[in-house]
Amino acid sequence: MVRSSGNSGPRPLTTSAVLACVGGVTLHFVIGIKFMWGNVTPYITSYLAQFNPVITYHDTLHVYTILLLGQSFAMFPGGVLEEMIGPSRTVLLATLLISGGTYASSYCTALEKLVACQGVVGLGIGIGYSAPIICCFKHYQSDRMGLVTGMITTGTGMGPFIFSLIAVHYVNPNNLPVDPVTMFYDFPGSPVADRVPGMYRMLSMLFFVCGLVGSLLIGNPKNPEPVSSPTDSVERGESHPLLKSPSITRPPGFDITSKKRKPRHKLTLSSLGTLKENERISKSQLDLEKASENTPESRGNKLDKWNRSPSK
């Protein structure tokens with residue numbers, strides 16, 4: 001939506017615009033899952049420690065790093081895909097990568113395999129990040145761009161909050177503590193680490209549902225209007241309402257649309273010499289006037305004029 005040159009208020013909302021915004025928020029619930037790592041890393045590290053006893057929390061931090069790296073690499077291709085295949089298909093592709101990578105992580109028993117699967121998740125996050133925002137810009141344009149961006153990115157923080165509660169409740173419903181020596185959930189009889197594969201599969205299904213709903217709600221407007229830019233007021237020239245205001249006075253012959261400019265005087269060596277010569281002559285005349293005022297005759301004339309003045 002966009003304001004016309006003669007309309008001062010925001011354009012009315014449409015159903016497709018509202019649905020696109022809701023779909024963007026729903027998708028960004030999944031986009032923000034990278035921030036879940038701080039809550040689930042004790043359980044994932046404990047699960048991997050069953051297959052690699054020397055693994056540490058520092059080692060599994062690479063999983064979080066690859067998520068951010070994959071997102072950074074896929075951000076630009078995601079914007080290109082949005083223009084090529086549309087926002088709905090771009091969001092669906094991102095959903096398949098995120099949910100597929102999460103589901104494949106449930107079968108990983110080595111850190112290297114888990115890093116590879118989570119790298120796929122990071123690519124999906126990068127591809128789907130900007131698609132709903134760009135789509136909503138086409139619906140709302142200059143009327144509510146800031147509001148729409150804030151609403152969509154709110155889902156980035158709300159999503160990991162909700163999914164973290166679900167994941168922690170599933171994998172550790174009794175809030176069991178870690179072993180005080182190893183700092184893992186690996187003591188005999190602990191079912192916490194064994195629930196990690198199920199946690200990944202459950203999360204992958206939740207991610208797929210949220211992403212699918214978002215892809216169905218997001219769509220470009222049927223008849224998009226061109227976005228007005230700040231330069232439109234200059235290009236319209238005399239037709240712009242601001243230039244028609246009676247409070248603005250313009251000199252005769254003024255035309256803002258004219259690209260012709262008055263020729264400027266070029267400073268050459270000859271003109272520079274003329275300026276210096278005129279300055280020298282003016283200074284000489286001023287010196288002569290000051291010298292003539294200091295002669296006895298001039299002082300006597302001033303005294304006579306002062307004596308003849310009516311006030312004296």
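The structure is a predicted model, in which local features need pLDDT of at least 70 and side-chain atom pairs count only at pLDDT 80 or more, while totals for chains, interfaces and linings use all residues. Residues are numbered from 1 along each chain as its sequence is written, and side-chain values use heavy atoms, with hydrogens and water left out.

The overall makeup comes first. The chain has 11 helices and zero strands, where helices (H or I, at least four residues) and strands (E, at least two) are DSSP runs numbered from the N terminus. Of the 312 residues in the chain, 35% are buried. Here buried means under 20% relative accessible area, exposed means over 50%, and partly exposed is in between (1.4 Å probe, protein chains only). The accessible surface comes to about 18900 Å², and 64% of that belongs to carbon and sulfur atoms; such areas come from the Shrake-Rupley method with a 1.4 Å probe, and for residues only the protein chains shown count as cover. Among contacts (heavy atoms within 4.5 Å) with a separation of 6 or more, 76% are between residues 24 or more positions apart.

On the inside, the largest nonpolar core has 49 residues. A core of this kind is a set of buried Ala, Val, Leu, Ile, Met, Phe, Trp, Tyr and Cys residues joined through side-chain atoms within 4.5 Å. The residues with the most contacts inside this core are Ile 33, Met 36, Ile 44, Ile 98, Val 196, Met 199 and Phe 207. At least two core residues come from each of α1 (15–31), α2 (37–49), α3 (57–85), α4, α5 (111–129), α6 (131–140), α7 and α8. Take Met 199: beyond its neighbours within four places in sequence, Met 199 is in contact with Val 40, Ile 44, Ala 167, Tyr 170 and Val 171.

Helix α6 is mostly covered, with seven of its 10 residues buried. Those seven are Ala 131, Pro 132, Ile 133, Cys 135, Cys 136, His 139 and Tyr 140. The buried residues of α6 pack against α1, α3, α4, α5 and α7.

The structure holds two salt bridges, each being a side-chain nitrogen of Lys or Arg within 4 Å of a carboxyl oxygen of Asp or Glu. In one of them, the side chains of Lys 138 and Glu 82 meet at 3.5 Å, N to O. This pair links distant parts of the chain, as Lys 138 sits in helix α6 and Glu 82 in helix α3, 56 residues apart. Lys 138 is partly exposed at 23% relative accessibility, whereas Glu 82 is buried at 1%. Lys 138 forms a salt bridge with Glu 83 as well, and the closest N and O atoms of that pair are 3.9 Å apart. Glu 83 is in helix α3 and Lys 138 in helix α6, so this pair ties together parts that are 55 residues apart in sequence.

On the surface, Leu 92, Leu 96, Phe 208, Val 209, Leu 212, Val 213 and Leu 216 form a nonpolar patch with about 580 Å² of accessible area together. Patches are made of residues with over 30% relative accessible area and no salt bridge, with like charges joined within 9 Å and nonpolar side chains (Val, Leu, Ile, Met, Phe, Trp, Tyr) within 5 Å. The elements giving two or more residues to the patch are α4 (87–105) and α8 (196–217), and the largest share, five residues, comes from α8. Val 209, in helix α8, is partly exposed at 47% relative accessible area.

Ser 99, in helix α4, is buried, with a relative accessible area of 9%. A polar atom of the Ser 99 side chain lies 2.8 Å from the backbone oxygen of Thr 95. Not counting residues up to four places away in sequence, Ser 99 touches Ser 204, Phe 207 and Phe 208.

Most residues other than glycine have a negative phi. Asn 175, though not a glycine, has a positive phi of about 55°; Asn 175 is in the loop between α7 (145–171) and α8 and is exposed at 65% relative accessible area. Met 183 is not a glycine either, yet has a positive phi of about 65°. Met 183 also lies in the loop between α7 and α8, and is partly exposed at 42% relative accessibility.

Key. Polar contact = N/O pair within 3.5 Å; in protein donor to acceptor, adjacent residues only side chain to side chain.
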